[in-house]
Structure formats: C-alpha cells, structure tokens
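Keep the structure open while you read.

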Amino acid sequence: MLFNSYPFVFGFLPILIAGYAILSATRMRKVVPLLLVAASLAFYAWWNWRYLLLFFCSIVFNYAWGSLIRGPSPERDERMQRRIVGIGVAVNLAILGYFKYRNFFIEDVGGLFGLGVTMAPLVLPLAISFFTFEQITYLVGIYRGEAGERDFLTYALFITFFPHLIAGPIVRYHEIAPQLNRHSRFQLNADNLSLGLMIFAFGLFKKVVLADTVRSWVGPIYDGSGAVLFGDAWGATIAFTLQIYFDFSGYSDMAIGLARIFNVRFPENFDSPYQSGSIIEFWRRWHITLSFFLRDYLYIPLGGNRHGELRRYLNMFATMLLGGLWHGANWTFVVWGAIHGGCLAINHVWRRLNIRTPVLAGWLITFMTVVIGWVFFRAQTFHRAGEILSGMAGVNGFSPISPTRLFGGSTRAKLLIGLALVLICPNRQTILAWEWNNDYIYATVFAMLAGVSLLMLADPPPFIYFQF
C-alpha cells in the first residue's frame, strides 16, 4: 500500500486512527500495540501477502536469537558471544543476499569467469533491505548492552510499524522501544495529531506535486538509447536530482508525520543536503539514518580511523562501496558508491591539509559531484551512463535546445523553481519551527498542501526507494 494513494489516505489511515483513539480511551489500552502490529502486517500484505510468512519468520528468528545473545551462560566467553552475534547477522545478510543479489553474483560475477549461467529473476520482498538493517541493529545493540524492552510484542511492533517499514528512516530499537511498549501512554494527542498531519501533508506534496512532476522528464532520456544532446542530458539529470530528493525526503516526511500521529518520534532523515558545502556535509544531511548505520555497522567495525590515515581512507571507501551495492544488484550502484567513497576520502585529506576553499566553490564542487553520481545511480547500464555523461560534456554539441522537446521554456522554468526550492528555500523542519501565531494560517497551509496533493493522486507511481 502506498502512502500516496486513495486507499491509504481515505481508508487505512482514518480507520486505524479511529481504532487507536477508541482503544486508547478505554481499559483496552494495552491491546493498542497489538492493533498497530496487525494493521502494519495488513499494510505489508497489501503489496504481496505471499511474503508475509517470510517477514514474520524473520521477526521470530531475530527475537529468539536476541534472547540467546542477551542471556549468556556462565561458561560462555566473549569470543563465543561474538560468534553468536555474527551468526545472527550472517543469517539476516544471507536472506537479503539470496533475494537481492542471487542473480547478480551468479550471472554477472560468473560471467567474469566465463560461466554462462542464467536464472529466472526473483521478486524482491518489499522492504527487505530496511527491515534487515533494523534487525541487525537489534542484535548488535543487545551485544553492546543497549537498553531495550524484552517483550516480543514491543519488538514485533518496532519492526513492523508501518510508517518506517518500507523505506525508513532506519531507527534503533533502544531509541524507539520505550515509545512502543505496553507501558507507553497510548492516546490520541491533539498536538501530535495536528503536527503529524502537517508533516505528512508536506511529504505528500513533495512526492505527488514535485517529485512526480519531474519524473516524467527523466525516463524518456535515461531509459532511451542513442546519443543524447546537451539540453536533454542536463535537463534529465537535473530532473532526476530533484526527483530523488523530493521523492525520498517526501517519503521520510510522511513516515515521520505518521509516526507522530501515534506519539512516536522518528529521527530526521534529510536536512537540505543540496545546500552542503562539502561531500562530508552532504552525507550528514542526506539519508542521515543510513549514514549513521554505515558508520556504526560498517566503517567502525572495519577499523574506522584506529589504524592510521591510509587505512582510514580505505575503510571509508570500502564502506561507501558496500553502501552503493546495498542500493541494488548492479555495477552502476557500485560505481556510485565508489565516487562518493573516493570523494569523502579526498575531502578528509583536504581538511587535514587545512586547505581553505571559498564557500561558493565548495558548494559548486559538491553539487556537481552529487549530480554526476546520480547519472550512474539512475542509468541502467554503463553504456547509457556514458551516453548521458557525453551529452552533458557537450560531445554531441552544446546547443541548449532540447531535440525531444521535453525541456522547452516552461520545463526549464519549472526545473529552475525546483532548484530554488532545494538550494535557497528553508526546509520543512525550519518552516514548522516558525512561530505560527494564527491557527487559521496553519490550517490554511495544511489544507492547501493536502488539497492540491489529493487532487493529483490518481494512478500514483511508487516511491523510488521501494525498489531497494
């Protein structure tokens, strides 16, 4: 089920809010977590009920394995404890690897050795990357002694909770569990309800009005073939740069808003990343919870900065390389990760040498690096990425005129407006932090955002990150 769909907005969400309000106002408050788990499983099953059993078995396994880690026997030493955690993590990664990378390793890697093996593609279970990551944080968190409820229902709600189930934010058990356990004060709070709906409206507007508008200008160029001229190459690439930001940050806003309706606070996931003055700053602002995950569960275990500068940069590069591969079973994602890993290492060397860069130059270098990286992220093949980059470099001529007529005057104006929104304008967090002295203005803004978005919900496309 999509957040940006009529069944969700007019069916699932209001029914769940009503049920939540009724139960939380009675002596049956303790069953509210069960209601949320059941609703979340129904939300997941709407996509493909056949994978519901796999999802549920994954939850049961990780909870049981966490109990094994939590209660060591007196004769179990530290090495054995680490092995038990490692086995749990390996099982999760094996399931993810089977569904997401089976064909990649058998066909692509096998092809490097002359093995002509092909297999029918698997349907990727929805959200497998995100719920796998969160269950890994659960197991490792227990090993590290992080506090958390030991109740199965609380854990099941943490994993299944529908706002973050499909595409994050990636949250940690010890941070969220206290807001989801049986002792939480489940009730419909007017302030959280109004704020949650407003945040949801911002996210819905980003997705439906902004991301889906520019989406139609990306596919014809990136999914096409043949030489690409200057105007089309830059137009489609800037359009995708805007699309992926508005699409994913819009989803994150909707997830944060939906969680707040049920009195749960999620961490922010985006903070105007295209305004960053360095690639280091970019990764502190883009998909923030993934950046923290990669740092804590890949970079630091690889050694972090504990073994000298060279090893630090290699660890950084390897972390981003694996982060790129996580996005999809395609070598283009690996190159995208390599670009960011290499640029992060260079940025750290630059800072270590204390070389000062003018603010505007730092922003321009960062933005262009990100834009070029998006070419590999979006292109299906290296060949197509090369054709797009050749067009952007003017190999086929520098004429700004779009031969496909996709990027005429009105389209270019819309792209410039989109760039202004991400490069100059305040983000959602800043806007909602303003003093809203008039409730009528607040209500009017909500009505405008929601109203325009709802009028454009017919046949909604899925979110970009649903495929990851």
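## The nonpolar core

What you have here is a predicted model. Start with its largest nonpolar core, which has 143 residues. Within this core, the residues that touch the most other members are Phe-3, Phe-8, Tyr-274, Trp-286 and Tyr-465. Helix α11 (residues 230-261) supplies the largest share of the core, with 17 residues.

## Salt bridges

Now for the charged side chains. Side chains of opposite charge can pair when their charged atoms come close. In this model, the count comes to 12 salt bridges.

One of them joins Arg-172 and Asp-296, with the closest N and O atoms 2.7 Å apart. Arg-172 sits in the loop between α7 and α8, while Asp-296 belongs to helix α13 (residues 288-299), so this pair ties together parts that are 124 residues apart in sequence. Arg-172 and Asp-296 are both buried. Another salt bridge brings together the side chains of Asp-223 and Arg-378, at 3.1 Å from N to O. Here too, distant parts of the chain are linked: Asp-223 is in the loop between α10 (219-222) and α11, Arg-378 is in helix α16, and they are 155 residues apart. Asp-223 counts as partly exposed because its relative accessibility is 48%, whereas Arg-378, at 16%, counts as buried.

Then look at Arg-384 and Glu-387, whose closest N and O atoms are 2.5 Å apart in a salt bridge. Both lie in helix α17 (residues 382-392), and being three residues apart, they are separated by about one helical turn. There's also a network of salt bridges linking Lys-206, Asp-253, Glu-268 and Arg-428.

Check the loop between α7 (162-165) and α8 (173-176), where you'll find Pro-169. The peptide bond leading from Gly-168 to Pro-169 is cis, with omega near 5 degrees.

Asn-263 isn't a glycine, yet it has a positive phi of about 65 degrees. You'll find Asn-263 in the loop between α11 and α12 (279-285). Asn-354 also has a positive phi, near 60 degrees, and its place is in the loop between α15 and α16 (359-378).

## Out at the surface

Finally, Val-349, Trp-350, Leu-353 and Ile-355 make up a nonpolar patch on the surface, with about 350 Å² of accessible area together. Trp-350 is part of helix α15 (residues 331-352), and at 39% relative accessibility it counts as partly exposed.

Definitions and conventions
Residues numbered from 1 in each chain as written. Predicted model: local features only at pLDDT ≥ 70, side-chain atom pairs only at ≥ 80, totals over all residues. Heavy atoms only, no water. Patch = residues over 30% accessible without salt bridge, like charges linked within 9 Å, V, L, I, M, F, W, Y side chains within 5 Å. Areas by Shrake-Rupley, 256 points an atom, 1.4 Å probe, with all protein chains shown as cover. Salt bridge = Lys/Arg side-chain N within 4 Å of Asp/Glu carboxyl O. Helix = DSSP H or I, 4+ residues; strand = E, 2+ residues; numbered from the N terminus. Buried < 20%, exposed > 50% of the residue type's maximum accessible area, 1.4 Å probe, protein only. Core = buried A, V, L, I, M, F, W, Y, C linked by side-chain atoms within 4.5 Å.
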